[in-house]
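Trainee: Could you walk me through how to read a few features of a structure?
Mentor: Gladly; let's take them one by one.

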Amino acid sequence: MSSGPIRAELEAPLLFTSVDDVSARLAATGYLASPAVATTVFLADRLGKPLLVEGPAGVGKTELAKAVAEVADARLVRLQCYEGVDESRALYEWNHAKQLLRISAGRDETWDETRTDIFSEEFLLTRPLLTAIRGDDPKVLLIDETDKADVEVEGLLLEVLSDFQVTVPELGTITATRRPFVVLTSNASRELSEALRRRCLFLHIGFPEEELERRIVRLKVPGLDEALAGSVVRVVGAMRAMDLRKVPSVAETIDWARTLLALGADTLGETVVRDTLGVLLKHQDDVLKAAAKLDVDAV
Amino acid sequence: MTAPGVAERLTSLVGALRAHGMRIGTGETVDAAQAVAALGLADRELLREGLAATLLHGTVQRQVFDPVFDLYFPRGVGGPETEPADREDLRERLSAALAAGDVVMMGQLAAEAVDGFGGYGTSPGSEGWSSHQTLDRLRPQTLLARVRENVRARNGSSGFADRLLDDEIRRRIETFRRQVAVEARRRIAEQRDRDELARRAVATTPDRVDFLYAGKLQLAELRRTVQPLARKLATRLAARRRRASRGSIDLRRTLRGSLSTGGVPMKPVLRRRRPMRPELVLLCDVSGSVSGFSDFTMLLVQALHDQFSKVRVFAFVNRLDEVTRLLDHGAADPEGLGARIRAEATLTGWHGSSDYGVALGEFAERYGDAVGPRTTVFVLGDARTNMSDPNLTSVRQVAERARRVYWLNPEPHAQWGTGDSAAPEYAELVEMHECRNARQLGALVARLLPV
Ligand SMILES: Nc1ncnc2c1ncn2[C@@H]1O[C@H](COP(=O)(O)OP(=O)(O)O)[C@@H](O)[C@H]1O
Ligand SMILES: [Mg+2]
């Protein structure tokens with residue numbers, strides 16, 4: 001595998017030497033990557049591009065960013081998106097209260113002097129996007145659940161992710177001296193704009209293959225009997241093929257495995273499955289449907 | 001940087017993807033070339049993931065990308081270097097691979113199967129390769145019992161999860177069938193023009209299949225997208241509902257609240273969402289070629305029913321009948337919905353072709369009270385009246401009573417008004433939209449459904 005002359009100067013040193021290196025080091029932190037995940041993370045590092053991870057809830061999107069941060073020995077800077085998140089929450093904000101105090105403390109000085117002072121570093125509240133591009137320490141910027149933010153925020157993201165610089169009118173332009181490794185996640189509740197997608201490498205994480213999910217369960221719930229872990233994954237797999245309102249994700253598989261372990265179950269049986277279906281399925285009509293398909297009497 | 005010919009193949013691959021409607025810019029193509037350089041060519045599956053990561057922008061594109069990738073970066077050249085397969089022997093080895101769930105072995109057997117049974121022409125394969133013929137001769141679906149025995153002999157009974165076994169085996173057989181299709185296409189590509197094949201022989205994503213021309217299999221595939229699409233739309237509708245309620249100030253309540261502060265409105269009171277959810281009425285032409293469209297839309301609306309306080313659905317050909325109840329039960333058996341409606345509802349009088357005028361008149365007359373100021377009405381159909389009176393008066397009547405009326409027409413806009421289409425006349429009275437595929441329908445529903 002050759003490493004091409006791919007990245008520009010301001011970038012951080014490469015994190016990974018090969019796709020296998022990605023898999024091995026993520027695994028060491030407790031994240032088991034599929035070949036697609038490992039390949040895309042490797043390329044995001046090589047090409048110095050943000051990684052857009054799309055997929056249903058609970059398949060390990062957020063966890064992936066955390067694992068990369070751990071492997072890179074980097075600080076995780078997280079922008080959690082929500083409806084109504086705006087520049088002052090995402091980028092920076094002036095600390096008005098502190099500015100007022102400073103003004104009313106009224107030293108012996110001209111207004112010009114005061115103004116220069118109150119629009120200085122000391123009064124700046126740095127938010128995740130700005131935090132991520134300042135300083136020389138390695139960082140992973142996680143922009144989590146991007147689809148929850150309003151469309152206008154995408155313009156802001158696009159700006160920051162294109163040049164890795166931010167202009168604060170009162171302070172000037174701040175440019176990254178070291179590019180963070182960027183992960184955006186989305187649950188696709190809204191279609192992200194084409195422009196933002198084009199900035200990113202695209203990774204879809206779906207439900208894992210049976211074998212991978214078995215390994216995840218064994219890793220996260222170590223006390224669980226191996227054969228039981230196999231059955232757990234098979235039952236969850238069958239539910240995903242059913243026509244349900246919300247099919248169980250990896251997070252639910254792990255929860256179910258933990259529950260079974262706590263109950264001391266060593267095999268799956270009708271009773272224990274019936275009593276614990278609620279851990280896997282959140283809607284009562286899904287519980288009834290799955291129970292019927294699995295041939296267990298629902299309560 | 002890369003092996004000779006790779007750049008060219010990459011360019012052709014991008015060309016084929018563009019021909020399927022994907023917007024891929026130069027930037028992405030450069031990224032893809034860098035991905036090839038960084039990953040090398042040794043591991044085909046890593047290369048596949050790398051190209052997908054750099055070229056694609058969304059999940060649905062993947063089902064077009066994979067078969068196209070298989071054509072430009074094939075698994076190998078020519079047939080397997082094994083003795084020509086004996087049918088019984090191949091079936092035996094296939095059962096073992098299916099029992100073990102060994103996907104790699106299944107892939108090798110798919111290659112042997114196509115080589116042995118898929119070729120046609122004066123000498124096998126001289127004219128082409130057929131996955132259909134391969135599967136027809138091998139009949140993998142008849143291996144179910146044998147594979148089941150095989151698994152039991154191997155692992156004994158695994159208790160509870162055993163009851164899942166048959167379905168699991170069926171899914172593996174399905175995987176094998178897809179492997180055979182991929183292999184047959186690879187062999188064909190060696191004989192024919194690869195670019196041509198990548199454009200024509202790779203199916204477009206189901207959400208772009210034209211409702212009016214969808215075949216039986218495509219309709220079945222479409223039906224499988226109803227639930228995921230409904231889930232996506234439900235979140236979008238919820239977001240719109242929240243947005244609609246956000247920030248709008250209730251003046252009356254703000255002023256009332258200000259009485260305690262001497263009339264100075266200190267606390268703005270935000271308007272609460274209308275406590276009643278909107279009502280929906282669907283009028284569906286279920287005749288002939290339009291039925292694929294209306295069946296799909298009815299299923300989608302049924303899947304979204306908890307977004308509304310009330311949903312009523314009417315079907316018509318030249319008579320109109322309420323089918324709301326049939327649809328309620330339809331959730332359990334979506335394939336049967338169309339047949340059930342046609343069997344149980346009274347949709348035709350003394351001839352079988354559609355008559356919008358009579359049907360809409362019957363609606364206005366018999367079910368007029370289904371429509372009130374909270375109701376949004378959707379009419380689904382191509383507005384082809386078979387030369388009879390379009391009955392604009394009835395449509396006007398319904399439009400006056402309803403909150404909104406939308407008409408979704410599965411015909412391309414250019415055909416509205418040609419032949420017996422009364423689309424332009426109806427479009428003067430109600431808002432008409434072209435709705436040719438699931439993609440358009442999803443976008444329209446997300447935008448037009450009342451919240
Ligand atoms: N590949 C994986 N390796 C290890 N743990 C995983 C993996 N995929 C999912 N998980 C676990 O599943 C749970 C949900 O993951 P999370 O990242 O919160 O999902 P998402 O962000 O996609 O909704 C976490 O507890 C995580 O540890
Ligand atoms: Mg998350």
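Trainee: In which hand does α12(A) pass α13(A)?
Mentor: The crossing of α12(A) past α13(A) is right-handed. Bear in mind as we go that this is a predicted model.

Trainee: How is the packing of two helices described in general?
Mentor: Two packed helices are described by the angle between their axes and by the distance between those axes. Here, the axes of helix α12 (residues 250-263) of chain A and helix α13 (residues 270-280) of chain A come within 9 Å and cross at roughly 140°. The two helices, α12(A) and α13(A), are therefore oblique to each other.

Trainee: Which residues meet where α12(A) and α13(A) are in contact?
Mentor: From α12(A) come A:Glu252, A:Thr253, A:Asp255, A:Trp256, A:Thr259, A:Leu260 and A:Leu263, and they meet A:Val272, A:Val273, A:Thr276, A:Val279 and A:Leu280 of α13(A).

Trainee: Why do residues three or four places apart in an α-helix point the same way?
Mentor: An α-helix has 3.6 residues a turn, so residues at that spacing point the same way. In α12(A), the residues that meet α13(A) include A:Asp255, A:Thr259 and A:Leu263.

Trainee: Let's turn to a single helix. How far does helix α2 of chain A reach from its first C-alpha to its last?
Mentor: Helix α2 (residues 35-47) of chain A has 13 residues and reaches 18 Å, close to the 18 Å expected at 1.5 Å a residue.

Trainee: Is α2(A) mostly covered or mostly uncovered?
Mentor: Mostly covered, since 12 of the 13 residues of α2(A) are buried. Among them are A:Val37, A:Val41, A:Phe42, A:Leu43 and A:Leu47, and also A:Asp45 and A:Arg46.

Trainee: What lies on either side of that helix?
Mentor: Just after α2(A), A:Gly48 takes a positive phi of about 60°. With a relative accessibility of 15%, A:Ala33 counts as buried, because the cut-off for buried is under 20%. Leaving aside neighbours within four places in sequence, A:Ala33 is in contact with A:Leu26 and A:Ala38. Its C-alpha is separated by 8.4 Å from that of A:Val22, 11 residues apart along the chain.

Trainee: Which residues other than glycine have a positive phi?
Mentor: A:Asp73 is one of them, with phi near 55°. A:Asp73 lies in the loop between α3 (61-72) and β2 (75-80) of chain A, and A:Asp73 is exposed, at 68% relative accessible area. A:Asp295 is another case, with a positive phi of about 65°. A:Asp295 is found in the segment after α14 (284-294) of chain A and is exposed, with a relative accessible area of 56%.

Trainee: Stepping back, how many helices and strands does chain A have?
Mentor: Chain A has 14 helices and nine strands. Its C-alpha atoms fill a box of roughly 80 × 50 × 35 Å along the principal axes. Of the 299 residues in chain A, 51% are buried. For contacts in chain A with a separation of 6 or more, 73% come from residues 24 or more positions apart.

Trainee: Now chain B. What covers the buried residues of α4(B)?
Mentor: Start with the helix itself: α4 (residues 62-72) of chain B is mostly covered, with eight of its 11 residues buried. These are B:Val64, B:Phe65, B:Pro67, B:Val68, B:Phe69, B:Asp70, B:Leu71 and B:Tyr72. The cover includes α1 (6-19), α3 (44-55), α9 (165-191) and α10 (194-200) of chain B.

Trainee: Is B:Val36 buried or exposed?
Mentor: B:Val36, in helix α2 (residues 26-39) of chain B, is buried at 3% relative accessible area. B:Val36 and B:Phe73 are 37 residues apart in sequence and 12 Å apart in space, C-alpha to C-alpha.

Trainee: And where is B:Gln307 found?
Mentor: In the loop between α14 (291-303) and β4 (310-316) of chain B. B:Gln307 is buried, with a relative accessible area of 9%. Not counting residues up to four places away in sequence, B:Gln307 touches B:Ala234, B:Leu237, B:Arg241, B:Arg277 and B:Pro278.

Technical notes
Residues are numbered from 1 along each chain as its sequence is written. Chains are lettered from A and ligands numbered from 1 in the order in which they are written. This is a predicted model: local features need pLDDT of at least 70, side-chain atom pairs count only at pLDDT 80 or more; totals for chains, interfaces and linings use all residues. Side-chain values use heavy atoms; hydrogens and water are left out. Helices (H or I, at least four residues) and strands (E, at least two) are DSSP runs, numbered from the N terminus. The expected span of a helix is 1.5 Å times one less than its number of residues. Buried means under 20% relative accessible area, exposed over 50%, partly exposed in between (1.4 Å probe, protein chains only). Axes are lines fitted to C-alpha atoms, for helices over the stretch in contact, and angles run from 0 to 180 degrees between N-to-C directions. Angles under 35 degrees count as roughly parallel, over 145 as roughly antiparallel, 65 to 115 as roughly perpendicular and the rest as oblique. A crossing is left-handed if the near helix is turned anticlockwise from the far one by less than a right angle, and right-handed if clockwise. Contact means heavy atoms within 4.5 Å.
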